[in-house]
Amino acid sequence: NALDNEMWHGIGEACKVVDAAPDVRVAVLMGAGGCFCAGLDVKAGSTLSTALEDMSPGQALDRIRRHLAGHQASFSAVESLRVPVIGAIQRACMGAGLELSLCCDVRLAAEGTLFSIPEVQLGLVPDMGGTQRLPRTVGIGKAKELIYSARRFDAAEALRIGLVQAVYPAGELGARVAELAGEIAAKAPLAVQAAKRAINGTYYGDMGAWLDWETAQCSGPLLSEDRKAGLKAAAERKRANFKGR
């Protein structure tokens with residue numbers, strides 16, 4: 001379940017459907033086929049990269065900012081849904097997929113799930129809210145370590161650092177998610193929704209401003225030679241030789 005432009009659009013549209021359904025009290029975000037999300041679709045990333053090659057620096061920066069703002073809005077729509085969102089995470093939760101999971105109110109994972117936020121390995125920066133939401137979720141030191149190293153980690157570590165709230169055998173995840181959803185749905189919906197607004201409003205503050213700041217920091221690396229080297233190495237399954245330019 002790699003994220004392409006169609007899927008990003010679909011996430012935003014699905015959120016509109018949920019918010020327009022007054023009887024919905026809980027939403028569950030999961031990946032079809034048993035995999036949560038492996039991150040950015042490489043083809044979609046390559047298409048943007050090719051388009052940037054033919055633009056002036058000013059045009060490229062404007063395109064990058066509009067591109068990121070649109071995708072960030074889809075993720076923010078998940079976070080700002082009026083009802084609680086449970087993330088059902090299994091097999092892979094990587095890159096933009098991990099950033100998407102951070103928009104859920106509660107995350108439950110299956111044993112054997114692999115996590116990573118590997119953007120710097122590609123000459124990029126986590127630009128879908130990862131630099132903002134991950135520190136608020138696992139603490140600033142752990143977030144820096146995971147982002148800077150781009151290493152993979154398992155569900156047990158995800159639980160230990162507070163990225164997920166529980167880990168279950170893969171065959172039990174669906175039932176456990178349904179159980180928690182049922183517990184939440186049985187509570188007073190207006191109170192639950194007000195609690196979500198109160199928590200998010202206090203804890204996240206003006207997330208839009210923080211995402212604008214993230215976009216500003218990500219634009220430079222997106223236009224760098226390192227980004228080209230990183231994507232090329234990933235496509236060839238090789239280790240990139242970054243030059244810092």
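Close-up 1. Cysteine 35 is in no disulfide, and the nearest cysteine sulfur, that of cysteine 37, is 7.2 Å away. Cysteine 35 is also buried, with a relative accessible area of 13%; buried means under 20% relative accessible area, exposed over 50%, and partly exposed in between, using a 1.4 Å probe and protein chains only. For cysteine 93, the closest cysteine sulfur is in cysteine 37 at 7.5 Å, too far for a bond. Cysteine 93 is buried as well, with a relative accessible area of 0%.

A word on what you are looking at: this is a predicted model, in which local features need pLDDT of at least 70 and side-chain atom pairs count only at pLDDT 80 or more, while totals for chains, interfaces and linings use all residues. Residues are numbered from 1 along each chain as its sequence is written, and side-chain values use heavy atoms, with hydrogens and water left out.

**Close-up 2. The second largest pocket.** This pocket has a volume of about 340 Å³. Of the 20 residues in its lining, Ile11, Ala14, Leu29, Met30 and Leu100 are the closest to its centre. A pocket is an open set of points on a 1 Å grid over the protein atoms alone where a 1.4 Å probe fits, with protein on both sides within 12 Å along at least five of seven lines; lining residues have an atom within 4 Å of a point. The volume is the space filled by probe spheres set on the points, which are joined across faces, edges and corners. The largest share of the lining, 6 residues, comes from α1. Helices (H or I, at least four residues) and strands (E, at least two) are DSSP runs, numbered from the N terminus. By class, the lining has 17 nonpolar, 3 polar and no charged residues. Here Ala, Val, Leu, Ile, Met, Phe, Trp, Tyr, Cys and Pro count as nonpolar, Asp, Glu, Lys and Arg as charged, and the others, Gly among them, as polar.

**Close-up 3. Strand β1 and its parallel neighbours.** In a regular strand the side chains alternate between the two faces of the sheet. β1 pairs with strand β2 (residues 85-89) in the parallel sense over 4 bridges, and two strands pair if DSSP finds at least two bridges between them. Alanine 27 stands opposite valine 85 in β2. β2 in turn pairs with β4 in the parallel sense over 4 bridges, with isoleucine 89 opposite alanine 109 in β4. Strand β4 (residues 106-110) is mostly covered, as 4 of its 5 residues are buried.

Close-up 4. An open sheet of 3 strands has the order β3-β5-β6, with mixed pairing. β3 (92-94) and β6 stand at the edges, each with a single partner strand, so one side of each has no neighbour in the sheet. β5 and β6 run antiparallel and are joined by 2 bridges. Leucine 114 has aspartate 154 in β6 as its bridge partner. The count of aromatic pairs is 2. One of them is phenylalanine 115 with phenylalanine 153, stacked at 5.5 Å centre to centre with 15° between the planes. Rings of Phe, Tyr and Trp (its six-membered ring) pair if their centres lie within 6.5 Å; planes under 30 degrees apart count as stacked, over 60 as edge-to-face and the rest as tilted. Both phenylalanine 115 and phenylalanine 153 are buried.

Technical notes:
A disulfide is a pair of cysteine sulfur atoms within 2.5 Å.
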